[in-house]
Amino acid sequence: MSVEGVHEGGCACGAVRYRVEGEPIFVNNCHCRLCQRQTGSTSVVNAFYETERLTLLEGELSDHTVTAGSGGPHVIRRCKSCGVAVWSHYPRLGRLGAGVRVGTLDRPGDFRPDAVIFADSAMPWAVFPEDIPVFETVYDQTKVLQPEQVERLMVLIERRKAGEG
């Protein structure tokens, strides 16, 4: 299901279904080596949302914690039945923010990255669209995102600094 501002998705076996509401704060296509190892692919596309916009509709998730590039805990939420990574909580936002794996959405083509990151780790044959900013590593989101996106992100960062999530 994908109604304006409402997106649903699920895992490979169908046990997990979820819904996310509204548009993402930002969408990254990450080519870092950690994402490559964690997904077994060349990159991952994550749509970042406030966790309160995300609802598990059915199924059970298990948490798998790995070390993020920052050295902090990166919690990957996976279908308990088939193991597909559905979303993650990264150290910067903790449980306040969720990086939804765009490939698990019913209509993944509705999501276009705001940026390609860690292009320095991309496969040598990877080609990037000319109209999406490409960064060798990370980027200053305040210079790429729209003001309302930055505002939503800053609210989460401040809440995290205050001890939430």
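Q: Why does Cys-13 count as partly exposed?
A: The relative accessibility of Cys-13 is 44%, and this value falls in the middle class of a scheme in which buried means under 20% relative accessible area, exposed means over 50%, and partly exposed is what lies in between (1.4 Å probe, protein chains only); Cys-13 therefore counts as partly exposed. The model is a predicted one, in which local features need pLDDT of at least 70 and side-chain atom pairs count only at pLDDT 80 or more, while totals for chains, interfaces and linings use all residues. Residues are numbered from 1 along each chain as its sequence is written, and side-chain values use heavy atoms, with hydrogens and water left out.

Q: Where does Cys-13 lie, and which residues does Cys-13 touch beyond those up to four places away in sequence?
A: Cys-13 lies in the loop between β2 (6-10) and β3 (17-21), where strands are DSSP runs of E with at least two residues, helices are runs of H or I with at least four, and both are numbered from the N terminus. Contact means heavy atoms within 4.5 Å, and Cys-13 touches Cys-79, Ser-81 and Cys-82 when residues up to four places away are not counted. For Ser-81, which is 68 residues away along the chain, the C-alpha atoms are separated by 7.5 Å.

Q: What makes Glu-148 exposed, and where does Glu-148 lie?
A: The relative accessibility of Glu-148 is 51%, so this residue counts as exposed; Glu-148 lies in helix α2.

Q: Why is Phe-118 called partly exposed, and what is its phi?
A: Phe-118 has a relative accessible area of 23%, so it is partly exposed. This residue is found in the loop between β11 (115-117) and α2 (147-161), and its phi is positive, at about 55°, although Phe-118 is not a glycine.

Q: How do you know that Gly-99 and Gly-97 are buried?
A: The relative accessible area is 0% for Gly-99 and 2% for Gly-97, so Gly-99 is buried and so is Gly-97. Leaving aside neighbours within four places in sequence, Gly-99 is in contact with several residues, including Asn-46, Phe-48, Trp-87 and Tyr-90, whereas the contacts of Gly-97 include Tyr-49, Thr-51, His-89 and Leu-156.

Q: What makes the pair of Phe-26 and Phe-48 stacked?
A: A search of the whole structure finds 4 aromatic pairs. Rings of Phe, Tyr and Trp (its six-membered ring) pair if their centres lie within 6.5 Å, and planes under 30 degrees apart count as stacked, over 60 as edge-to-face and the rest as tilted. The ring centres of Phe-26 and Phe-48 are 4.6 Å apart and their planes are at 20°, so this pair is stacked. Phe-26 lies in strand β4 (residues 26-30) and Phe-48 in strand β5 (residues 44-50), so the pair ties together parts that are 22 residues apart in sequence. Both Phe-26 and Phe-48 are buried.

Q: Why is the pair of Phe-48 and Tyr-90 called tilted?
A: With ring centres 5.6 Å apart and planes at 50°, Phe-48 and Tyr-90 form a pair whose angle belongs to neither of the outer classes, so the pair is tilted. The pair links distant parts of the chain, 42 residues apart, with Phe-48 in strand β5 and Tyr-90 in the loop between β9 (85-89) and β10 (97-101). Both residues are buried, and ring pairs link Phe-26, Phe-48 and Tyr-90 into a cluster.

Q: How do you know that the protein chain is as compact as a globular protein of its length?
A: The protein chain has 2 helices and 11 strands. Its radius of gyration, taken over C-alpha atoms, is set against the globule rule, which is 2.2 Å times the number of residues to the power 0.38. The radius is 15 Å, close to the 15 Å that the rule gives for 165 residues, so the chain is as compact as a globular protein of that length. Buried residues make up 45% of the 165 residues, and of the contacts between residues at least 6 apart in sequence, 54% join residues at least 24 apart.
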